[in-house]
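Please walk through this model with me, helix by helix. Keep the sequence and the 3D view open as you read.

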Amino acid sequence: MFADIGLAVEDVAATMNATSFVDGTTSQAQIGMLVNQQYANAVGAATVAQLFANSPGLSGWSPPGGTAYLRPSDMSNGLFGLGTNWQLLVHETLHQMLGFQRDDNWIMTELQNKGYRINPNSPRKSRQISDVIKKKCN
Ligand SMILES: [Zn+2]
């Protein structure tokens, strides 16, 4: 399924290995520094912790730069329970590689065009991508 969105599996593995996964709910990292101030203003949050507090459905957020921010309670075994919700780690790794321009909407459209069963009208876009990762990469 990685090839279907233009990525080589070994590149996904290498990027995942190079990505730091940290607790987003307590991170005081400045969104204006991680992305830019315009983005911070648009999402209405100065810090990553505020972004997670404002977005109860947000499981992960991956700005460019090698760090992915996660909600530990969505990781089943805590932040480093890698055996449980690894599809979320892969999902965030894809964002590290694809950037904000090719977001969940872009990934969903690509997968749908390649014949994956995806409902673009679902409010849980992010979850559907993780489900495809779980189904196809097991
Ligand atoms: Zn996503």
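**Where two helices meet**

In H6, Asp-104, Asn-105, Ile-107, Met-108 and Leu-111 meet Lys-125, Ser-126, Gln-128, Ile-129 and Val-132 of H7. Two residues are in contact if their C-beta atoms, placed from the backbone, lie within 7 Å. By class, the residues of the H6 contact with H7 are 5 nonpolar, 3 polar and 2 charged. Here Ala, Val, Leu, Ile, Met, Phe, Trp, Tyr, Cys and Pro count as nonpolar, Asp, Glu, Lys and Arg as charged, and the others, Gly among them, as polar.

A word on the source. This is a predicted model, in which local features need pLDDT of at least 70 and side-chain atom pairs count only at pLDDT 80 or more, while totals for chains, interfaces and linings use all residues. Residues are numbered from 1 along each chain as its sequence is written. Helices (H or I, at least four residues) and strands (E, at least two) are DSSP runs, numbered from the N terminus.

Now the geometry. Two packed helices are described by the angle between their axes and the distance between the axes. Axes are lines fitted to C-alpha atoms, for helices over the stretch in contact, and angles run from 0 to 180 degrees between N-to-C directions. Helix H6 covers residues 104–113 and helix H7 covers residues 125–136; they pack at an angle of about 50 degrees, with their axes 10 Å apart. H6 is therefore oblique to H7. Angles under 35 degrees count as roughly parallel, over 145 as roughly antiparallel, 65 to 115 as roughly perpendicular and the rest as oblique. The H6 and H7 crossing is left-handed. A crossing is left-handed if the near helix is turned anticlockwise from the far one by less than a right angle, and right-handed if clockwise.

**H7 and its partners**

Stay with H7. This helix has 12 residues and reaches 17 Å from its first C-alpha to its last, close to the 16 Å expected at 1.5 Å a residue. The expected span is 1.5 Å times one less than the number of residues. Which residues of H7 are buried? They are Ser-126, Gln-128, Ile-129, Ser-130, Val-132 and Ile-133. A residue is buried if 20 or more other C-beta atoms lie within 10 Å of its own, exposed if 12 or fewer, and partly exposed in between. The buried residues of H7 pack against H5 and H6.

H5 and H7 pack at an angle of about 115 degrees, and their axes are 9 Å apart. That makes H5 roughly perpendicular to H7. Their crossing is right-handed. H5 brings Gln-87, Leu-88, Val-90 and His-91 to the contact, and H7 brings Ile-129, Ser-130, Ile-133 and Lys-134. The contact of H5 with H7 has 4 nonpolar, 3 polar and 1 charged residues.

**H5 and what covers it**

Helix H5 runs over residues 86–98. Its 13 residues should span 18 Å at 1.5 Å a residue, and its end C-alpha atoms are 18 Å apart, which agrees. Buried in H5 are Leu-88, Val-90, His-91, Glu-92, Thr-93, Leu-94 and His-95. Their cover includes helix H1 (9–18), strand S2 (60–61), strand S3 (67–70), H6 and H7. After H5 comes Gly-99, with a positive phi near 75 degrees.

H1 packs on H5 at an angle of about 100 degrees, with the axes 9 Å apart. The two helices are therefore roughly perpendicular to each other. Val-12, Thr-15 and Met-16 of H1 make the contact with Leu-89, Val-90, Thr-93, Gln-96 and Met-97 of H5. The residues of this contact divide into 5 nonpolar, 3 polar and no charged.

Look at Thr-15, which sits in H1. Thr-15 counts as partly exposed because it has 16 C-beta neighbours inside 10 Å. Not counting residues up to four places away in sequence, Thr-15 touches Thr-93, Gln-96 and Met-97.

**Two buried residues elsewhere**

Ser-27 lies in the loop between strand S1 (20–23) and helix H2 (31–34). Ser-27 counts as buried because it has 20 C-beta neighbours inside 10 Å. Leaving aside neighbours within four places in sequence, Ser-27 is in contact with Val-22, Thr-47, Val-48, Ala-49 and Tyr-69.

Leu-34 lies in H2. With 20 C-beta neighbours inside 10 Å, Leu-34 counts as buried. Beyond neighbours within four places in sequence, its contacts are Ala-29, Pro-63 and Gly-65.
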